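Work through the exercises below with the sequence and the model open side by side. Try each task before reading its solution.

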Amino acid sequence: LDPEMLLLHWLCMKHNLETPQVKLRREHGDSVGAQDFSPMPTPPSSARLHSSGAKAKRGLGVLAPLSPASARGVSGGFGTGGFEGTQSPAFPLPPTKRPGLGATARSLDVGGELAEVTFLPQRLGAALAVKPEEEQPFQLQVATPPQGPRPTPGLRTLGRLNGQIEVDAHRYLCRVDQMAMARTKITDVVATMRQELRGSFLNQVPLLSRNVINDQDFLRLVGKLRPWTFEQGEKIIVEGEIGDKLFIIERGTCEVIKNINGRPHCVGQLSKGAFFGEIAPLYATARTATVQTTSACTALSLAGSDLLATINDADLEKMRLIARTQVFSSIPLLNSLDSDEKVRIAQALKKQKWRQNAIITGENHITSRLYIVEHGTVLMEAKSKDLLPSFWPIDQEPKIVLGPGGFFGMRGLLYGAPVGFNITALTEVETLSISYEEILATSPPEDREKMESTMVMSMRHYLLRQIPQLKQMAEEYFRTIAMQAQQVTFKKWSVIFAKGERLDSVYVLEKGMVSEHPGERMAMCELPGETEENVNADATPPRVTPGEFFGVECLTNKAATASCTLVALTDVTLLRLPPGAVWSVLQEERQHIARIPLLSHEVLGKAEQYMLVGKLKPWSFRAGQTIIREGDIGDMLYVIEKGVCDASKMFDGKEVAVSQLKKGAFFGELAVMYDMPRNATVKAATDVVAVSLSREDIFSVVSPEKIVKMRHIACTQVFQQNSALLRNLETHEKIMIAEQMQSCTTKKGEIIQREGEAESRFHMIEKGEVTLMRNGKEIGKRYAGFMVGEMTAMFGEPARCTCVASTEEVRMLTISMESIYGIAGTGERPALERKLLSNFRRELISKMLQMQGKSDEYISAVCSYIEPSKFAKGEVLFENGRKLEYAYIVECGEVSVQGAPADFGAEDRQRAEPRRQYGDECLVMGADGQLVEARASYSLVAASDCSVLRLPKGVAQLILK
């Protein structure tokens with residue numbers, strides 16, 4: 001190909017011009033050789049080529065086809081030494097004007113000389129209004145410059161290089177500017193995408209969505225979101241603390257933790273896009289839960305000051321309106337209304353201010369308005385516990401402090417009941433209030449009846465929930481029971497049920513006043529005059545609070561009778577609930593409880609089991625959510641009511657599934673007795689509904705005598721999990737040992753056992769934490785449910801470490817080996833000794849590296865090949881360099897290692913139990929399944945009289961055979 005023509009063709013295409021109609025291939029015989037680069041001869045004085053009758057075609061660089069002779073003339077055929085078939089310009093030269101044509105002329109180097117070539121641009125004719133002429137052939141004119149000295153090729157090349165350098169430098173600077181602009185654009189795009197993403201997060205918060213505030217304020221708030229970075233395990237907010245920030249999770253996961261019965265419990269999990277604390281920017285309220293990160297987390301915060309500085313008053317009032325509707329979700333009277341109804345009610349609320357120490361209402365005042373605290377705090381206090389309703393927690397003081405979002409007066413609003421508390425403003429207080437008539441007035445007339453029906457039904461459900469057995473019942477079961485409740489009325493002085501009568505229903509007070517009289521029906525007829533004073537002379541205080549319940553004994557005992565006479569002191573309205581509707585649900589729950597060994601029929605009666613059913617607390621877990629985590633300490637057991645869970649344990653740093661739990665299954669039962677770490681992780685495999693019982697729930701129902709029995713059963717389960725000696729004993733033997741164990745308590749810093757001193761007792765930790773130390777250095781810790789000193793107590797050996805109480809109080813159960821042998825009957829002690837010795841040896845074998853992860857059946861098979869041997873002090877078990885035929889396991893006594901490598905036994909210093917296995921490298925098998933020959937790298941000598949178990953190196957092959 002002709003390189004110059006090819007370059008011209010390429011330049012035209014690059015600049016979007018018509019390509020020239022010229023040949024790109026050289027003529028046959030044309031070549032470029034070494035002689036082509038010799039100094040060029042001087043061409044003839046005139047070398048113009050004419051092509052008459054041809055007209056230049058439109059377009060820059062468009063050449064008409066030439067005759068071969070003409071083409072050769074253009075190519076530089078001016079002598080034998082010219083550049084045949086080539087044209088020299090490598091890049092465009094500055095254009096010049098040719099007189100009279102108005103077209104662009106460019107200089108070309110033809111045959112080593114400069115020539116002018118005229119080109120006619122395609123759009124030039126239209127631009128200059130040149131009329132088209134007749135079709136003429138293209139005319140190429142090559143003008144030779146005047147005669148004179150020719151520039152040397154070297155100088156001409158240097159000039160071209162300088163020009164090319166300038167072009168390249170300009171091109172480079174342009175490229176640098178383009179890249180800088182691209183970087184700026186990418187940065188802007190990333191920032192815009194980040195702002196859009198954060199805006200989408202913020203839009204999910206109801207108070208701050210675009211439906212509430214305008215776009216301009218919304219974008220300003222997005223710009224004020226402040227990012228925070230939290231490491232795994234950090235707390236973002238803490239329950240009970242006052243805060244004014246809203247948080248949105250941008251990256252990572254968190255868990256929501258609430259304090260239940262004085263212990264933290266995970267009640268939910270949060271991930272990307274979730275928000276919490278949304279009321280805090282408007283009202284500085286106490287946090288209702290703790291949020292803790294479960295991974296590295298980035299959260300965005302928005303403070304109350306940012307809201308006040310950005311949002312105008314109208315939108316701020318609209319936000320407060322929505323915040324009030326969220327408060328309605330905690331008010332039973334209003335929580336079932338739809339969002340539009342809540343908004344209309346929020347708009348109808350009336351504000352009122354109270355100065356500090358002002359009495360807002362008295363305990364006997366019948367409120368006609370519902371009050372909601374918006375700012376400040378108020379104190380609700382009753383004069384006496386006797387005046388509190390029956391559903392008031394027994395251990396709770398008769399006073400409550402209400403902050404923003406708290407409410408009072410709801411019962412009086414619907415039923416005309418007195419408040420029952422003296423309510424005083426602790427600080428300057430702002431309240432929002434509304435009457436029942438004003439609530440109904442917010443609804444259109446055609447929807448008013450439906451709205452009233454919804455509120456009445458919500459209140460009835462709330463009143464029924466005051467019954468202990470229904471308080472924590474799952475919503476699915478509760479709705480089934482609530483449908484069976486009937487509204488009944490009694491006239492003044494009517495007897496609702498009499499003392500001694502069989503109870504056939506539970507009654508819940510809705511409206512009116514009743515009294516529980518200790519006498520029988522006939523005794524009441526003998527009272528001197530039917531006045532309230534006479535009726536109440538020996539009775540408990542009148543019951544006027546909606547939600548008071550009577551006759552709940554029939555829910556747990558079908559033959560229950562009334563312990564008093566219930567009399568209507570005014571016209572009353574009650575909800576009557578037949579026990580049959582509750583029994584069907586409670587019976588299923590009770591059967592779940594009865595499957596738990598600690599709460600079985602052998603320990604508790606039906607009445608106590610039914611009482612525990614009333615304490616069950618419902619939980620809902622999403623698929624994938626962790627319910628309990630291995631290693632965590634808790635005090636709750638769980639029973640699955642719906643769904644499937646997976647239980648897993650950590651083995652060699654990997655989580656391995658060990659079982660699947662379905663409806664009726666329970667887990668975590670030992671936590672209600674001991675503060676011991678969970679021994680497995682349980683996750684919801686599907687959406688799960690479960691119920692829980694805490695230690696406090698059980699202890700509040702079960703008598704102390706039965707608690708002791710429950711502890712004995714719990715001990716047997718601890719033996720099964722954590723005791724090497726007692727794991728495989730019969731259940732009755734474990735219970736007898738648990739009954740023989742003695743309780744003892746030590747204070748922080750006290751020594752439980754001392755290193756080097758002989759021990760014949762071992763201990764089980766019930767409460768607290770113990771630190772293990774050797775040579776003055778800490779080597780580990782033990783918690784509730786762990787055994788201490790068990791292996792050394794078997795043969796009365798010296799303690800291998802010192803155990804020190806590391807918490808304020810450590811409670812333990814302790815027993816001696818002699819007491820364990822004492823549970824055996826006449827002639828049964830040898831059998832029990834053999835059983836304990838066998839358990840002890842199984843534990844020694846299972847701790848060998850080669851036996852870890854093996855099944856119980858495999859360990860039992862290995863134990864059948866052990867050879868017990870005794871060695872006197874100073875006797876050599878094996879020598880350095882000797883071929884190992886056995887692995888040696890020290891059962892009792894001490895041995896000495898001689899000539900061992902420097903790094904031998906480095907890991908033993910951190911073990912609670914010292915090394916007992918030696919020469920076990922002979923048990924290693926190669927990839928081909930054959931034993932690898934092993935030789936001792938040290939000598940093993942008996943440091944005292946000792947008993948050793950020898951395990952042949954081919955034991956694995958023997959078991960396979």
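**Exercise 1. Is Arg324 buried or exposed, and which residue does its side chain meet in a salt bridge?**

Step 1. Arg324 has a relative accessibility of 7% and therefore counts as buried. The classes are buried under 20% relative accessible area, exposed over 50% and partly exposed in between, with a 1.4 Å probe and protein chains only as cover. The model is predicted: local features need pLDDT of at least 70, side-chain atom pairs count only at pLDDT 80 or more, and totals for chains, interfaces and linings use all residues. Residues are numbered from 1 along each chain as its sequence is written, and side-chain values use heavy atoms, with hydrogens and water left out.

Step 2. The partner is Glu317, at 3.3 Å from N to O. A salt bridge here is a side-chain nitrogen of Lys or Arg within 4 Å of a carboxyl oxygen of Asp or Glu.

Step 3. Glu317 has a relative accessibility of 32%, so Glu317 counts as partly exposed.

Step 4. Glu317 and Arg324 belong to a salt-bridge network that also links Arg320 and Glu374.

**Exercise 2. Which parts of the chain does the salt bridge between Lys258 and Glu239 tie together?**

Step 1. In this pair, the closest N and O atoms are 4.0 Å apart.

Step 2. Lys258 lies in strand β7 (residues 254-260) and Glu239 in the loop between β5 (235-237) and β6 (245-251), so the bridge ties together parts 19 residues apart in sequence.

Step 3. Lys258 is partly exposed at 30% relative accessible area, and Glu239 is partly exposed at 29%.

**Exercise 3. Which strands hold Glu809 and Lys747?**

Step 1. The side chains of Glu809 and Lys747 meet in a salt bridge of 3.9 Å, N to O.

Step 2. Glu809 is in strand β42 (residues 809-816) and Lys747 in strand β35 (residues 742-747), so this pair links distant parts of the chain, 62 residues apart.

Step 3. Glu809 is partly exposed at 32% relative accessible area, as is Lys747 at 44%.

Step 4. The structure holds 34 salt bridges.

**Exercise 4. Where is Ala647, and what is it in contact with?**

Step 1. Ala647 sits in strand β30 (residues 645-651) and is buried, with a relative accessible area of 6%.

Step 2. Beyond neighbours within four places in sequence, the contacts of Ala647 include Val656, Val658, Thr681 and Val682.

Terms used: Helices (H or I, at least four residues) and strands (E, at least two) are DSSP runs, numbered from the N terminus. Contact means heavy atoms within 4.5 Å.
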